[in-house]
Amino acid sequence: MTNSPEGIHGTTVTVGGQWGDEGKGAVVERLTRRASAKNVIRFSGADNAGHTVYNEFGKTVLHLIPSGIFTARAILTGGVLINPERIMSEMEELDEKGVDISPDNLLLSEHAHMIMPWHVSRDKLKEAARGEGKIGTTGRGVGPAAADRTAREGLRLGDLLLPESDLEAKLMKELTFQTALTEMMQLQATFTRGDFDEMSHYAQMQLMRKALDRYDSAKIWDMLIRSKETLGPMIANPLPVIWKDHDDGETSIGEGAQGGLIGSVGGTYPYVTSTNPGLLGFCESTMIPPHEVRDTIAVAKAYMTRVGEGPMPTEMTDSEAEELRQLGGEFGATTGRPRRCGWFDGPATRHGAHRVCGARRLAISKLDILDYMDEIRVCDGYVIGGKFYNELQNPSADQLGPDVVTPHYRILKGWQESTTGARSFADLPENAQKYVLALEDTTGMPVDFVSVGPESEAMFEL
Ligand code: IMP
């Protein structure tokens with residue numbers, strides 16, 4: 001723990017230190033509220049994220065709208081890929097719960113790219129084409145939308161503010177390009193499955209035509225017009241607002257999505273997402289330089305989870321994982337998929353939280369889920385080629401498999417009593433305190449917050 005409590009003020013970024021699903025939503029909501037932050041700024045990812053919040057409005061699962069919207073102005077920067085249908089249904093859900101949404105508390109960057117139906121189709125087709133080597137994406141169109149953004153293709157939220165005739169012309173141009181691309185991918189996916197050659201010529205033609213029929217331009221146009229009406233008032237350039245509050249020393253919380261270990265460049269490539277989940281993702285999309293960000297806090301779970309494919313050095317046996325999965329409710333908030341579970345991995349968490357995401361300190365979530373264990377393992381390093389390393393050496397997926405890396409564990413005694421009532425480090429059973437200190441030791445990062453339950457008071461500062 002950091003010896004003097006620092007509080008939260010100024011521009012502070014929160015990130016995910018592991019493979020995503022660390023409980024960032026709940027942590028961000030609580031930090032935003034406690035710091036009376038003026039803004040909560042989402043800067044990366046898309047609706048592949050699922051941030052769960054528990055507060056006076058009950059349980060809310062958000063995918064795009066920042067978790068701090070309940071008490072602060074929420075801003076989505078140009079770094080976020082926005083599916084207009086999804087954000088509209090989130091706004092509706094919040095509205096039904098009694099959370100007022102207006103341009104006063106929700107700003108959407110005109111620079112954000114839109115995720116369109118073709119991105120979702122291309123995502124699914126690409127996964128089919130990958131066959132055995134699939135990534136296990138969330139199927140939300142993130143990779144193709146990010147690829148289009150890099151290739152300078154596609155529609156941005158700001159296009160919704162164009163006169164209808166200009167927007168329609170843009171849509172038609174885009175549709176032509178996307179239809180051709182989808183047709184090609186449809187063929188690729190079919191070739192990979194190896195059955196295309198087996199089909200009759202007629203069936204082949206039908207298949208290709210299906211790709212062409214995929215995009216109903218009238219339906220898409222309708223969706224764009226609804227988006228124009230509903231989202232239009234919130235679409236703006238939020239940069240001057242972000243900069244002014246930053247320069248005035250106001251508190252703004254950056255809300256990360258996904259986690260460092262699935263970061264597009266620093267994660268376990270190719271089993272990664274397509275945006276930068278770290279401090280640099282925040283800096284790129286807010287244009288606030290890294291040295292002006294006051295603090296970066298990584299949220300890390302007290303154990304590891306992962307959804308989708310890719311290496312996970314400390315993965316548990318099936319029966320160990322099943323018990324933890326049930327107790328921790330480890331099922332994807334976006335896709336409902338069961339999450340893979342593992343022992344806390346110090347080197348991997350250090351890599352995700354510190355190296356990829358630039359965090360200085362940790363907030364540990366879900367410590368209470370481990371209350372039942374009699375013995376708990378913590379990975380403090382990897383043995384690679386007979387040598388011990390306390391830091392991850394190479395994040396590429398092929399360098400992290402069981403044939404390359406053997407995790408080295410410390411075995412700690414469990415505490416086997418409830419921690420859910422703890423409101424300070426001193427309230428924790430001695431073995432739980434030792435466990436938290438082992439997390440600090442194996443990551444080389446101070447643990448400054450611990451959460452032992454979903455309710456607001458169940459997160460305390462150390
Ligand atoms: P994509 O972001 O949908 O392209 O998925 C790429 C990889 O990142 C897959 O393994 C997903 O399961 C994983 N992923 C994406 N978003 C999240 C998240 O919010 N939590 C956990 N894993 C995620």
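**View 1. Residue classes around the ligand.** The shell around the ligand holds six nonpolar, eight polar and two charged residues (nonpolar: Ala, Val, Leu, Ile, Met, Phe, Trp, Tyr, Cys and Pro; charged: Asp, Glu, Lys and Arg; polar: the others, Gly among them). Of these 16 residues, Asp21, Asn48, Thr138, Thr273 and Arg337 come nearest (a residue is near if one of its heavy atoms lies within 4 Å of the molecule). The model is predicted: local features need pLDDT of at least 70 and side-chain atom pairs pLDDT 80 or more, while totals for chains, interfaces and linings use all residues. Residues are numbered from 1 along each chain as its sequence is written, and side-chain values use heavy atoms, without hydrogens and water.

View 2. A polar contact here is a pair of N or O atoms within 3.5 Å. For Val307 a backbone N or O atom is 3.2 Å from an oxygen atom of the ligand. The protein buries 97% of the 460 Å² that the ligand exposes when taken alone (Shrake-Rupley method, 1.4 Å probe).

**View 3. Strands E5 and E6 in the open sheet.** Ten strands make up a mixed open sheet, ordered E7-E6-E5-E2-E8-E1-E9-E13-E17-E18 (strands are DSSP runs of E, at least two residues, numbered from the N terminus; two strands pair with at least two bridges). Strands E7 (235-236) and E18 (459-461) are the edges, each pairing on one side only. Strand E5 (residues 73-76) runs parallel to strand E6 (residues 106-109), joined by three bridges. Ile75 stands opposite Leu107 in E6.

Notes: Helix = DSSP H or I, 4+ residues; strand = E, 2+ residues; numbered from the N terminus. Polar contact = N/O pair within 3.5 Å; in protein donor to acceptor, adjacent residues only side chain to side chain.
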